Amino acid sequence: MTEPIKIWIIIFFLGIGTYLIRFSFLGLVGDRQLPKWFIQHLNFVGVAVMPGLIIPFLVWPDATGGTLDAPRLLAAIAAFCFGIWKRSALWSVIAGISVLYLTMFILN
Amino acid sequence: MKFSPTSKKSAFWLGYRDNIPFWLIVAPFGLLFGVVATEAGFSIFQTMIMTAFVVAGSSQFTALTLLQDDAPTFIILATSLAVNLRMAMYSAALVPHLGRAPLGIRALFAYFLVDQSYATSINIYTNNPKMTLSQKCRYFMGSFACLLPVWLISTLVGALLGTKIPPEYALDFAMPICFIALSAPMMRSLPHFIAALVSMIGTLVFISAPYSSGLIIAAFLAMIAGVQTENWQKRRLKND
């Protein structure tokens, strides 16, 4: 069992640190003009971060003991295709969840 | 999504509405966090303080996992904060849109900055260049107002249940689906696809980089790849 003081220290510093990360540019730069080349790079932040966040869960899902898993892979593909096709997060989520449960139901 | 310049109230509710799909994601994710936190020895009070103060699920899970592995405090903090470093990029990406808001509002918005509020807002701002600052601010507030209560309540329910949710429910996959749903509508052009590809390959290549810094390295490479592809396309257009 972890001591409560260690838990509190982690909660406190993770909270403060995360807030400062979020505050960083938005808080300190404010309405000052950012260089054009910098803004051009910022346009890619979303697509540069999120696919990278997903990929380890796809390739080595913890729940399956780290092996590639057909339902998860198919769900990811469905979510991605519907998200692009419909340009909508709602369709993407619905497609992903439906395919995940459907394939798990069929395969097990 | 098209945005018509209507009343201020509707910008808030549009942001709220656009984030409702993520209830399907945030709720199981919060539930799972509540369960895992109490299993790791957190009191319900500690679980709720953490979830309301940090509001960043993936880093909270990282911290829990490392706590259970009995990692030193410094390592736990460094690794969990590295998971959140992506938010500095979100913060920068919002500057051209929200930077003109007063400092107090920006300080509040920093607390509101989560993956979903960033992604849905940047999408609507990009597709509607005529949105006013006030509309942009209200949309951003609406998006967070939609998410926070669900996140808090689902965490509380998970902490109160406290029992293991059977793996058949595959709640582990809520987060990946969330990020796919957030990034798929951003795939507007070839440069965006290239950036996404580099991001995925880069993360796998740098997977064992210290303090989970691989994602940040990959993200930088992906942004450069996106911009270079865009510049290459522009040059080719000029030459034609």
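Student: Which helix of chain B holds B:Tyr90?
Tutor: B:Tyr90 is found in helix 6 (residues 86–98) of chain B; helices are DSSP runs of H or I with at least four residues, numbered from the N terminus. This is a predicted model, in which local features need pLDDT of at least 70, side-chain atom pairs count only at pLDDT 80 or more, and totals for chains, interfaces and linings use all residues. Residues are numbered from 1 along each chain as its sequence is written, and chains are lettered from A in the order in which they are written.

Student: Is B:Tyr90 buried or exposed?
Tutor: B:Tyr90 counts as buried because it has 25 C-beta neighbours inside 10 Å. A residue is buried if 20 or more other C-beta atoms, placed from the backbone, lie within 10 Å of its own.

Student: Which residues is B:Tyr90 in contact with, leaving aside neighbours within four places in sequence?
Tutor: They are A:Val45, B:Leu113 and B:Tyr118, where contact requires C-beta atoms, placed from the backbone, to lie within 7 Å.

Student: How many residues does each chain bring to the contact?
Tutor: Chain A gives 64 residues and chain B gives 77 residues. On the chain A side, helix 1 supplies the largest share, 18 residues. That side divides into 43 nonpolar, 15 polar and six charged residues; Ala, Val, Leu, Ile, Met, Phe, Trp, Tyr, Cys and Pro count as nonpolar, Asp, Glu, Lys and Arg as charged, and the others, Gly among them, as polar.

Student: What about domains: how far apart do the C-alpha centres of domain 1 and domain 2 of chain A lie?
Tutor: The centres are 30 Å apart. Domain 1 covers 1–32 and domain 2 covers 44–107, with bounds from an automatic or database domain assignment.

Terms used: Two residues are in contact if their C-beta atoms, placed from the backbone, lie within 7 Å. Helices (H or I, at least four residues) and strands (E, at least two) are DSSP runs, numbered from the N terminus. A residue is buried if 20 or more other C-beta atoms lie within 10 Å of its own, exposed if 12 or fewer, and partly exposed in between; C-beta atoms are placed from the backbone.
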